[in-house]
Amino acid sequence: MRNLFESRGMSLPPNQFFKCLSDDTRLKCLLLLLDRASLCVCELHEALSLSQPKVSRHLAELRHCGLVLDERRGRWMHYRLHPDLPNWALECLRSVKAENPKYIEACEARVNVLPLCEGVS
């Protein structure tokens, strides 16, 4: 499935990137995914202390924006940053994470102690 920008033959416009980041849940999802190959929706909802449906809605929006890709593994959906995310976007996320460690600290602590979901190889 192509994302919003690929379907229009465009690269990611900066204003759309920042619009996608304007929600706390979406920004935290991206920051958690930044240093990981992927995370399961169950890991993200536990790390964020939010309901699974709410986290899934925000992940769907990030997918629609072209910022993440999803993959079904067993009964769980796993998400990762889109490999074609522009360097400027990655650097922006890295800078936000590095300059604001307390913003994501509690979520990082929770995701680091979670067991892997069932169905993960």
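Residues are numbered from 1 along each chain as its sequence is written, and side-chain values rest on heavy atoms, with hydrogens and water left out. Because the model is predicted, local features are reported at pLDDT of at least 70 and side-chain atom pairs at pLDDT 80 or more, whereas totals for chains, interfaces and linings use all residues.

A search of the whole structure for disulfides, each defined as a pair of cysteine sulfur atoms within 2.5 Å, returns 1 such link. The link is formed by C20 and C65, whose sulfur atoms lie 2.2 Å apart, and with -90 degrees about the S-S bond it is left-handed. C20 belongs to helix α1 (residues 14-21) and C65 to helix α4 (residues 52-65), so the pair ties together parts that are 45 residues apart in sequence. Helices (H or I, at least four residues) and strands (E, at least two) are taken here as DSSP runs, numbered from the N terminus. Both C20 and C65 are buried, where buried means under 20% relative accessible area, exposed means over 50%, and partly exposed covers the range in between (1.4 Å probe, protein chains only).

The strands can be described around β3 (residues 76-81), which is mostly covered, 5 of its 6 residues being buried. Strands are treated as paired if DSSP finds at least two bridges between them. Strand β1 (residues 39-40) is joined to β3 by 2 bridges, and these two strands run antiparallel. In this pairing C40 stands opposite H78 of β3, and C40 is itself buried, with a relative accessible area of 0%. Strand β2 (residues 68-73) is joined to β3 by 6 bridges, again in an antiparallel arrangement, with D70 standing opposite Y79 of β3. The hairpin of β2 and β3 has 2 residues between the strands, and within this hairpin G74 takes a positive phi near 65 degrees.

Aromatic contacts were counted for the rings of Phe, Tyr and Trp (its six-membered ring), which pair if their centres lie within 6.5 Å; planes under 30 degrees apart count as stacked, those over 60 as edge-to-face and the rest as tilted. The count comes to 2 aromatic pairs. The rings of F17 and F18 have centres 5.2 Å apart and planes at 75 degrees, so this pair is edge-to-face. The rings of F17 and W88, with centres 5.1 Å apart and planes at 80 degrees, likewise form an edge-to-face pair. F17 lies in helix α1 and W88 in helix α5 (residues 87-99), so their contact ties together parts that are 71 residues apart in sequence. F17, F18 and W88 form one aromatic cluster, in which F17 is buried at 0% relative accessibility, whereas F18 is partly exposed at 43% and W88 is partly exposed at 36%.

A charge is also placed over a ring, a contact that requires NZ of Lys or CZ of Arg within 6 Å of the ring centre and within 35 degrees of the ring normal. Here K28 lies over the face of Y103, at 5.0 Å from the ring centre.

Salt bridges, defined by a side-chain nitrogen of Lys or Arg within 4 Å of a carboxyl oxygen of Asp or Glu, number 7 by this rule. Among them is the bridge of D70 with R63, in which the closest N and O atoms are 3.3 Å apart; D70, already noted opposite Y79, is partly exposed at 32% relative accessibility, and R63 is partly exposed at 26%. Another of the bridges joins R73 to E71, with the closest N and O atoms 3.4 Å apart, and in this pair R73 is partly exposed at 24%, as is E71 at 41%. R94 forms a salt bridge with E91, the closest N and O atoms being 2.7 Å apart. R94 and E91 are 3 residues apart in helix α5, so they are separated by about one helical turn, and both count as partly exposed, R94 at 40% and E91 at 46% relative accessibility.
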